[in-house]
Amino acid sequence: MIGLDLALSLRTAGLRWTPRPGDRFVLPSRGMDEDVFVLSDMTVEVHEFPSGRVIGFNGVTEWALDSIDQQEALWMPAEHQLRELLGGLFVSLAAGPTGFEVTLHLPSGPATYRASTAEDAYGQALLAVLREVTGSLTEPTVR
């Protein structure tokens with residue numbers, strides 16, 4: 001799973017989340033940064049209201065937590081989701097001497113992003129792409 005700081009950076013750079021079953025998320029700044037939740041049609045699901053999306057915790061009695069606004073949740077995209085978001089820019093993932101390397105084919109040429117885990121390498125690559133396109137798009141289309 002990508003690190004909390006990288007997930008925050010991706011959101012700040014413009015990554016938009018359309019919650020789907022199986023997605024992982026955390027609730028930062030609530031003393032629960034280490035608790036990873038998974039959207040499910042049975043226990044944690046998205047409810048649509050006129051005021052926006054709300055993530056509901058059905059049948060959760062351990063906490064005083066019924067629901068939260070989607071903006072309070074931080075998406076923790078999985079490796080396959082990050083690779084999908086990179087789309088046609090993605091060239092390869094390879095094991096390197098210090099972890100993993102993701103190579104992209106950008107308009108300016110090939111670029112490689114390194115991290116200790118494959119997910120973080122994908123995340124670093126996506127972060128670079130988002131930072132590059134944010135200046136030209138009002139809302140990046142990444143999902």
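I began with the rings: Trp 17, Phe 25, Phe 37 and Trp 75 form one aromatic cluster. For a pair, I took rings of Phe, Tyr and Trp (its six-membered ring) with centres within 6.5 Å; planes under 30 degrees apart count as stacked, over 60 as edge-to-face and the rest as tilted.

A note on the source: this is a predicted model, where local features need pLDDT of at least 70 and side-chain atom pairs count only at pLDDT 80 or more, while totals for chains, interfaces and linings use all residues. Residues are numbered from 1 along each chain as its sequence is written, and side-chain values use heavy atoms, with hydrogens and water left out.

**Overview**

I looked up the elements next, taking helices (H or I, at least four residues) and strands (E, at least two) as DSSP runs numbered from the N terminus. The protein chain has 3 helices and 9 strands. Their order from the N terminus is α-β-β-β-β-β-β-α-β-β-β-α. Buried residues (under 20% relative accessible area; exposed is over 50%, partly exposed in between; 1.4 Å probe, protein chains only) make up 41% of the 143 residues.

**Ring pairs**

How many aromatic pairs does a search of the whole structure find? I got 4. In one of them, Phe 25 and Phe 37 have ring centres 5.5 Å apart and planes at 20°, so I call that pair stacked. Phe 25 is in strand β1 and Phe 37 in strand β2 (residues 32–38), so the pair ties together parts 12 residues apart in sequence. Phe 25 counts as buried at 0% relative accessibility, and Phe 37 counts as buried at 7%.

Another pair is Phe 90 with Tyr 122, which is tilted: 5.5 Å centre to centre, 45° between the planes. Since Phe 90 sits in strand β7 and Tyr 122 in helix α3, this pair links parts 32 residues apart in sequence.

**Around β1**

I then checked pairing, where two strands pair if DSSP finds at least two bridges between them. An open sheet of 3 strands runs β2-β1-β6 with antiparallel pairing. Its edge strands are β2 and β6 (74–75), each pairing on one side only. Between β1 and β6 I found 2 bridges, and Phe 25 stands opposite Trp 75 in β6.

Helix α3 (residues 118–133) has 16 residues. It reaches 23 Å from first C-alpha to last, close to the 22 Å expected at 1.5 Å a residue; the expected span is 1.5 Å times one less than the number of residues. Its buried residues include Glu 119, Tyr 122 and Leu 126. Among the elements covering them are α1 (4–12), β7 (90–96) and β9 (109–115).

Of its 37 residues, Leu 10, Phe 25 and Ile 55 touch the most other members. Helix α3 gives the most to this core, with 7 residues.

Notes. Contact = heavy atoms within 4.5 Å. Core = buried A, V, L, I, M, F, W, Y, C linked by side-chain atoms within 4.5 Å.
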